[in-house]
Amino acid sequence: MRHNKKFNHLSRTADHRNAMLANMTISLIMHKRITTTLAKAKALKKYAEPLINRCKDDSTHSRRVVFSYLQNKEALKELYGPVAEKVGDRKGGYTRIIKLGTRLGDAAKICFIELVDFDENMAKAAKTGRKTRRSRKSANKAEVAEAPAEEAKAE
């Protein structure tokens with residue numbers, strides 16, 4: 001019976017799955033954004049976020065625990081350096097999945113997975129307070145309502 005075994009096994013053995021997720025986590029840390037299938041991205045999110053959360057506490061123990069998962073010194077330096085600085089005040093949600101569509105060869109769902117604090121385009125949009133269509137319509141209605149009122153005052 002497979003009671004309480006809810007995570008996606010990704011059609012791989014445990015060793016293959018762990019090695020693949022560790023390699024994908026290293027790539028995500030080093031490049032800040034990778035393209036993969038949706039199922040792998042969701043599995044990667046569950047694998048990588050606890051490791052990123054652990055990098056907030058820069059102690060020998062936490063470094064050794066993370067190194068036991070990743071086995072890559074360069075990724076560890078990157079994780080405890082620039083990544084730890086950016087996520088220091090964030091409580092969770094260190095990664096973002098953006099769906100891209102389907103792959104032509106096998107119709108697999110493809111997506112980006114990226115570190116949230118490292119996407120400058122999204123950060124600029126959040127700072128400028130991008131408006132939605134609904135707010136544009138309500139702003140236009142307010143301008144139209146003000147214009148007749150001003151004309152009536154002028155007469």
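From the N terminus on, the elements of this chain run α-β-α-α-α-β-β-α-α, and that gives 6 helices and 3 strands, where helices (H or I, at least four residues) and strands (E, at least two) are DSSP runs numbered from the N terminus. Before I go further, this is a predicted model, in which local features need pLDDT of at least 70 and side-chain atom pairs count only at pLDDT 80 or more, while totals for chains, interfaces and linings use all residues. Residues are numbered from 1 along each chain as its sequence is written, and side-chain values use heavy atoms, with hydrogens and water left out.

On confidence, pLDDT is the predictor's confidence in each residue, from 0 to 100; the chain averages 87, and 79% of the residues score at least 70.

Strand 1 is joined to strand 3 by 5 bridges, with Arg-33 having Glu-114 of strand 3 as its bridge partner. Strand 2 and strand 3 pair over 7 bridges, and here Ile-97 stands opposite Ile-113, while Thr-95 stands opposite Leu-115. The hairpin of strand 2 and strand 3 has 6 residues between the strands, and in it Ala-107 takes a positive phi near 60°. As for burial, which means under 20% relative accessible area, with exposed over 50% and partly exposed in between (1.4 Å probe, protein chains only), 5 of the 7 residues of strand 3 are buried.

What packs on this sheet? Helix 1 comprises residues 14-31, 18 residues in all, and reaches 25 Å from its first C-alpha to its last, close to the 26 Å expected at 1.5 Å a residue, the expected span being 1.5 Å times one less than the number of residues. Its buried residues include Met-20, Leu-21, Met-24, Thr-25, Leu-28 and Ile-29. In an α-helix there are 3.6 residues a turn, so residues three or four places apart point the same way. The cover over the buried residues of helix 1 includes, besides the strands, helix 2, helix 3 and helix 4. Just after helix 1, Lys-32 takes a positive phi of about 70°.

Finally, the aromatic rings: those of Phe, Tyr and Trp (its six-membered ring) pair if their centres lie within 6.5 Å, with planes under 30 degrees apart counting as stacked, over 60 as edge-to-face and the rest as tilted, and by this rule the count comes to 1 pair. Tyr-47 and Tyr-69 form that pair, edge-to-face, at 6.0 Å centre to centre and 85° between the planes. The pair links distant parts of the chain, with Tyr-47 in helix 2 and Tyr-69 in helix 3, 22 residues apart. Which of them is buried, and which partly exposed? Tyr-47 counts as buried because its relative accessible area is 15%, whereas Tyr-69 counts as partly exposed because its value is 44%.

Definitions and conventions. Contact means heavy atoms within 4.5 Å. Two strands pair if DSSP finds at least two bridges between them.
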